[in-house]
Amino acid sequence: MKKKHDYNSIIGGMFVGIANIIPGVSGGTMMVIFNLLEKLTYSISDIFKKGSTTKGESIKFILKVLFGCAIGIILFAKIIGIALKYAEAETIFLFMGLILFSIPLIIKEELVNEKFNILYFLIGLIIIGLLQYFNGNKMSSDITYTMGIMHFILMIFLGFIGGSTMIFPGISGSMILLILGKYELIRSYIDKLTSFDMQSIISLIFFGIGVILGIVISSKFTSFLLKKYKGKTISLILGFIIASALILPFNLENRIEFTTIKTCSLIINFVIGGIIIYYINRLKNKKNNA
């Protein structure tokens with residue numbers, strides 16, 4: 001197994017973690033942008049493969065990504081919470097820039113010798129559109145919980161959703177949690193981690209179990225699709241990614257006033273997202289050519 005993008009794994013993992021905090025932004029999309037998706041799905045499959053001689057490298061790579069993801073979630077949860085509270089639109093447009101400016105790079109790298117499939121692309125667009133429709137642009141305020149077996153089962157189920165969507169690009173786990181009315185609940189647990197609230201810690205342990213199950217099962221499924229139907233799968237993923245990025249501003253409807261200064265600020269943040277992608281790609285090319 002090549003070590004081609006190992007230098008990128010922790011930083012990429014951090015962006016995956018941060019993306020999973022923001023409703024509408026997909027952690028899986030960040031995996032594609034940082035070229036982690038195929039290698040992660042391969043690595044997870046590799047550790048379950050009998051007779052594999054690269055299990056050590058695969059485990060090391062997975063741990064790097066998970067470590068970066070944990071840093072992104074734990075350290076940036078409060079920062080993103082503050083950013084979404086005081087500069088929500090700017091934060092959303094920054095991630096829009098990250099996503100949309102990465103599309104040409106994804107096409108260039110992932111569709112080599114593969115045909116773009118317009119049908120699967122449209123299916124991807126429609127699926128994300130339906131998720132947005134059912135989301136209804138409403139932030140859940142459900143932060144109540146009662147410790148018990150049913151609560152722990154719920155945490156595992158929510159974690160499974162989070163883990164699955166973390167792997168599959170374009171589908172936002174936080175958006176699914178919003179639809180289920182549990183986004184604020186999970187975010188409240190993360191916010192309380194630094195104060196060592198035991199109920200939050202225990203709940204997040206069960207949530208983490210679900211995340212691991214979701215990642216393993218989803219990665220195997222995604223690995224199969226990329227191996228057998230790569231062109232169609234990438235086309236579907238592109239539909240997911242583009243639709244999820246384009247609908248982000250609609251989540252801001254009726255919550256901000258688009259003045260001239262505000263519009264300029266949003267455009268600047270959008271461009272900054274593109275600049276970040278440019279330098280990430282430039283750094284990646286330097287490393288690959290070294």
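The model is predicted, so local features need pLDDT of at least 70 and side-chain atom pairs count only at pLDDT 80 or more, while totals for chains, interfaces and linings use all residues. Residues are numbered from 1 along each chain as its sequence is written, and side-chain values use heavy atoms, with hydrogens and water left out. The protein chain holds 12 helices and zero strands; both are DSSP runs numbered from the N terminus, with helices being H or I of at least four residues and strands E of at least two.

**Overall fold**

- Along the sequence, the protein chain reads α-α-α-α-α-α-α-α-α-α-α-α.
- Of its 290 residues, 50% count as buried, where buried means under 20% relative accessible area, exposed means over 50%, and partly exposed lies in between (1.4 Å probe, protein chains only).
- Among contacts (heavy atoms within 4.5 Å) between residues at least 6 apart in sequence, 84% join residues at least 24 apart.

**Helix H3 and its cover**

- Helix H3 is mostly covered, with eight of its 11 residues buried.
- Those buried residues are Leu 37, Lys 39, Leu 40, Thr 41, Ser 43, Ile 44, Ser 45 and Asp 46.
- The cover over the buried residues of H3 includes helix H2 (27-33), H4, helix H7 (149-167), helix H10 (198-228) and helix H11 (230-246).

**A closer look at Thr 41**

- Thr 41 sits in helix H3 (residues 37-47) and is buried, with a relative accessible area of 2%.
- A polar atom of the Thr 41 side chain lies 2.9 Å from the backbone oxygen of Glu 38. For a polar contact, the cut-off is a pair of N or O atoms within 3.5 Å; within protein, one must be able to donate a hydrogen and the other to accept it, and residues adjacent in sequence count only if both atoms are side-chain atoms.
- Leaving aside neighbours within four places in sequence, Thr 41 is in contact with Ile 167, Ser 219, Thr 222 and Ser 223.

**Where H4 meets H5**

- The axes of helix H4 (residues 55-86) and helix H5 (residues 88-110) come within 5 Å and cross at roughly 115 degrees. Axes here are lines fitted to C-alpha atoms, for helices over the stretch in contact, and angles run from 0 to 180 degrees between N-to-C directions.
- H4 and H5 are therefore roughly perpendicular to each other, on a scale where angles under 35 degrees count as roughly parallel, over 145 as roughly antiparallel, 65 to 115 as roughly perpendicular and the rest as oblique.
- Ala 83, Leu 84 and Tyr 86 in H4 meet Glu 88, Thr 91 and Ile 92 in H5.
- By class, this contact of H4 with H5 has four nonpolar, one polar and one charged residues. Ala, Val, Leu, Ile, Met, Phe, Trp, Tyr, Cys and Pro count as nonpolar, Asp, Glu, Lys and Arg as charged, and the others, Gly among them, as polar.

**Where H10 meets H11**

- The axes of H10 and H11 come within 5 Å and cross at roughly 120 degrees, and the two helices are therefore oblique to each other.
- Leu 225, Leu 226 and Lys 228 in H10 meet Lys 230, Thr 233 and Ile 234 in H11.
- The residues of the contact of H10 with H11 divide into three nonpolar, one polar and two charged.

**Aromatic pairs**

- The structure holds six aromatic pairs, meaning rings of Phe, Tyr and Trp (its six-membered ring) with centres within 6.5 Å; planes under 30 degrees apart count as stacked, over 60 as edge-to-face and the rest as tilted.
- Phe 101 and Phe 270 form a tilted pair, 5.2 Å centre to centre with 50 degrees between the planes.
- This pair links distant parts of the chain, with Phe 101 in helix H5 and Phe 270 in helix H12 (residues 260-289), 169 residues apart.
- Phe 101 is partly exposed at 39% relative accessible area, and Phe 270 is partly exposed at 22%.
- The rings of Phe 224 and Tyr 229 have centres 6.2 Å apart and planes at 75 degrees, so the pair is edge-to-face.
- Phe 224 is partly exposed at 43% relative accessibility, and Tyr 229 is partly exposed with a relative accessible area of 43%.

**Helices H9 and H6**

- Helix H9 (residues 183-191) is mostly covered, with eight of its nine residues buried, among them Tyr 183, Arg 187 and Tyr 189.
- Leu 131 lies in helix H6 (residues 118-135) and counts as buried at 18% relative accessibility.
- The C-alpha atoms of Leu 131 and Ile 176 are separated by 7.7 Å, with the two residues 45 apart along the chain.
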